[in-house]
Amino acid sequence: MTPVSTSPAARRSAFTQPERPRDLQIRYLTVGGSYVDVTPAANKRLGSRWHCHGCKAVSEFPDTDYLSRIREKANDHAGSCRAIPLT
Ligand SMILES: [Zn+2]
């Protein structure tokens, strides 16, 4: 008999990945099984922004944060957010 897996990856598979925005730059999987998306800010030449599908948190300075800085912040959030997707 195969043991039941309790790994985070197995739990995450119970959730459906949201549709990918056309301008999606990066998508991180959170520890809660949700997703953090990185997309261009309103002024696409200046920066990027991130938002979490689980807890609805967003980046603080979307118009001034470059992708190189947003990447670390979004990944850090994904590594700590335990909110599960509600849809
Ligand atoms: Zn979150």
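Predicted model: local features only at pLDDT ≥ 70, side-chain atom pairs only at ≥ 80, totals over all residues.
Val 38 stands opposite Trp 50 in strand 3.

The chain contains two helices and three strands. Read from the N terminus, the elements follow the order α-β-β-β-α. Of the 87 residues, 31% count as buried. The accessible surface amounts to about 6,000 Å². Carbon and sulfur atoms account for 54% of that surface. Among contacts between residues at least 6 apart in sequence, 31% join residues at least 24 apart.

The three strands form an open sheet in the order 1-2-3, and the pairing is antiparallel. Strand 1 (26–29) and strand 3 (48–52) are the edge strands, and each pairs on one side only. From one strand to the next, the twist averages 20 degrees. Strand 1 is joined to strand 2 by four bridges. Ile 26 has Val 38 in strand 2 as its bridge partner. Five residues lie between the strands in the hairpin of strand 1 and strand 2. Within this hairpin, Gly 33 adopts a positive phi near 95 degrees. Strand 2 (residues 35–40) is joined to strand 3 by five bridges, again in antiparallel fashion. Here Thr 39 has Arg 49 in strand 3 as its bridge partner.

Helix 2 (residues 67–80) lies across strand 1, strand 2 and strand 3. The helix runs at about 10 degrees to strand 3. In a regular strand, side chains alternate between the two faces of the sheet. Strand 3 has a covered face and an uncovered one. Ser 48, Trp 50 and Cys 52 make up the covered face. Arg 49 and His 51 make up the uncovered face.

Trp 50 lies in strand 3. Its relative accessibility is 9%, so Trp 50 counts as buried, the cut-off being under 20%. Several parts of the chain touch this residue. Leaving aside residues up to four places away in sequence, the contacts of Trp 50 include Val 36, Asp 37 and Val 38. Ala 57, Val 58 and Ser 59 also touch Trp 50. Further contacts of Trp 50 are Ile 70, Lys 73, Ala 74 and His 77. Ile 70 is 20 residues from Trp 50 in sequence. In space, the two C-alpha atoms are 7.1 Å apart.

His 77, a contact of Trp 50, is also a donor of the zinc ion. Angles among the four donor atoms are 100 to 114 degrees, and the site is tetrahedral. The ideal angle for four tetrahedral donors is 109.5 degrees. In sequence, the donor residues are spaced C-x2-C-x21-H-x3-C. Cys 52 in strand 3 and His 77 in helix 2 are 25 residues apart, and this pair links distant parts of the chain. Both Cys 52 and His 77 are buried. Cys 52 also belongs to the covered face of strand 3.

Technical notes: Residues numbered from 1 in each chain as written. Heavy atoms only, no water. Pairing = 2+ DSSP bridges. Axes fitted to C-alpha atoms, helices over the stretch in contact; angles between N-to-C directions. Contact = heavy atoms within 4.5 Å. Buried < 20%, exposed > 50% of the residue type's maximum accessible area, 1.4 Å probe, protein only. Donors = N, O, S within 2.8 Å, 3.2 Å for Na, K, Ca; no water. Tetrahedral: all angles 85-135°; square planar, octahedral: opposite > 155°, others 65-115°. Areas by Shrake-Rupley, 256 points an atom, 1.4 Å probe, with all protein chains shown as cover.
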